[in-house]
Amino acid sequence: MLTIGDFARASRLSAKALRRYDELGLLPPARVDPFTGYRHYAVEQLERARLIAWLRGIDMPLAEVGRVCALYASDAAAAARAIRGYWARVESRTAARRDLAASLVDRLKGHTEMTDEMTGETTGETTDRATGETTSGTTSGTTTSPAFALRTAVRLDRGLVRAAQQDAAHAGPHLLAVADGYGPEGERAALAAVGALEAVPPPAPSARAGDVLNALEDAVRTADDAVSGLAESGTTLTAAVWTGGRLALAHVGDSRAYLLRDGTLVRLTRDHTVVQALVDAGELDPAEAADRPDRALLLKALDGGDVPPEPELGVHETRPGDRYLLCTDGLSAVAPAEDIRRALAAGVGPDDAAGALVALARDLGGPDNVACVVADVVPA
């Protein structure tokens, strides 16, 4: 038997930490002296103590440490998978924060020639009767910078395999959104999430980027609440709020947002999946990710759980001629990025481009529902 001091030195855990782990049931001593209360530990407990120390070294929460230790006692491989899953979630959160930091750096470098600072503005929406496309934006009698508008189109398709449509989408004067529901109540979850986002008010002309991001983050929490109570169901959500010169983006799950600018397609979101986290960690080659059977295993989704997921947030400056695509994985999981780029760059309007993307997914087997929103930035 080892005294608590000897055990602390051998395990690299402090006596204070050992007392705390005893209170939590993580590492109770082998014997407690009934008269003095001194704790004594068996040498065989060192392995568990060191495992706890290592897990705390990667900032694993104590509750999860307990689960891993319990697994390790009966199934070391399962414990290893649990640690890998935890670290994949850490990598995903870190990647999302890195993107936000990069967005903030770009934003704080200074105003570009395309800000949305205007005076005397009014907001409106018009529809092209020939194409059915919607144009929304701002007009102004007096402006300090150019005003832009969005011309949008939305398409939903059940695909060729699914029996029901569980995707939802919205393209309005100031909001773009797609959601991919899953589970027995997936359709209700997707519709509830998009419906919650529709309540986001149009940004005021003088709104700061941070205010818009705060409103988006609050709306995502509201959307998460809206899907609570739907048994074993949830949804992804990718949404953008238009301010007249910028797009503020919020993202949870594996739906995606893309930007086509000057013929180049750029992905604006990172999938919140185990596979993407493994790619980010350098443990999986991106070329292998598409063929993984677990590629749709989500690390983040709106499911009404006890802790709402943190959305990935960002602000993107826009230019006339930019084309944005928001889509569910019914398109992005089956269509190569180059095929998506060609469909978006074909020189047709948003409605025809959205139709071409749906047709592309169908040509590739249409294994899943598809929702896509195409939005062009045009002079107001």
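## The chain as a whole

Of the 380 residues in this chain, 47% count as buried. Keep in mind as you explore that this is a predicted model. Its secondary structure comes to twelve helices and 16 strands. How much of the contact pattern joins residues at least 24 apart in sequence? Among contacts between residues at least 6 apart, the share is 65%.

Let's look inside. The largest nonpolar core has 30 residues, and those with the most contacts inside it are L197, L216, V220, A223, L237, V241 and L302. At least two residues each come from β8, α6 (186–198), α7 (209–226), β10 (237–242), β11 (246–252) and β14 (312–317). Which element gives the most to this core? That is α7, with seven residues.

Leaving aside residues up to four places away in sequence, A223 touches A193, A196, L197, L237 and L302. There is also a second, separate core, made of 23 residues, including A49, L55, V65 and V90.

## The largest pocket

Rolling a probe the size of a water molecule over the atoms shows where empty space is left. In this model, the largest pocket holds about 890 Å³ of space. Its lining is made of 37 residues, and R256, D271, R295, D329 and A333 lie nearest the pocket's centre. Elements that give two or more residues to this lining include β8 (175–182), β12 (256–261), β13 (264–267) and α11 (337–344).

What kinds of residue line the largest pocket? By class, there are 19 nonpolar, eight polar and ten charged residues.

## One face of helix α11

Now follow α11, where I340, A343 and L344 are buried. Looking down the axis of α11, you would find its buried residues within an arc of 95°, so they line one face of the helix. An α-helix has 3.6 residues a turn, so residues three or four places apart point the same way. The cover over the buried residues of α11 includes β12, β13, β15 (323–327), α10, α12 (350–363) and β16 (370–379).

## A glycine in a loop

Finally, find G159 in the loop between β6 (148–157) and β7 (167–171). Is G159 buried or exposed? G159 counts as buried because its relative accessibility is 8%, and the cut-off for buried is under 20%.

Which residues does G159 touch, not counting those up to four places away in sequence? They are R362, G366 and D368. G159 and D368 are 209 residues apart in sequence, yet their C-alpha atoms are 5.5 Å apart in space.

Terms used
Residues are numbered from 1 along each chain as its sequence is written. This is a predicted model: local features need pLDDT of at least 70, side-chain atom pairs count only at pLDDT 80 or more; totals for chains, interfaces and linings use all residues. Side-chain values use heavy atoms; hydrogens and water are left out. On a 1 Å grid over the protein atoms alone, a cavity is a set of points where a 1.4 Å probe fits but cannot get out, and a pocket is an open set with protein on both sides within 12 Å along at least five of seven lines; lining residues have an atom within 4 Å of a point. Grid points are joined across faces, edges and corners, and a volume is the space filled by probe spheres set on the points. Helices (H or I, at least four residues) and strands (E, at least two) are DSSP runs, numbered from the N terminus. Ala, Val, Leu, Ile, Met, Phe, Trp, Tyr, Cys and Pro count as nonpolar, Asp, Glu, Lys and Arg as charged, and the others, Gly among them, as polar. A nonpolar core is a set of buried Ala, Val, Leu, Ile, Met, Phe, Trp, Tyr and Cys residues joined through side-chain atoms within 4.5 Å. Buried means under 20% relative accessible area, exposed over 50%, partly exposed in between (1.4 Å probe, protein chains only). Contact means heavy atoms within 4.5 Å. The arc is that of the directions from the helix axis to the C-beta atoms.
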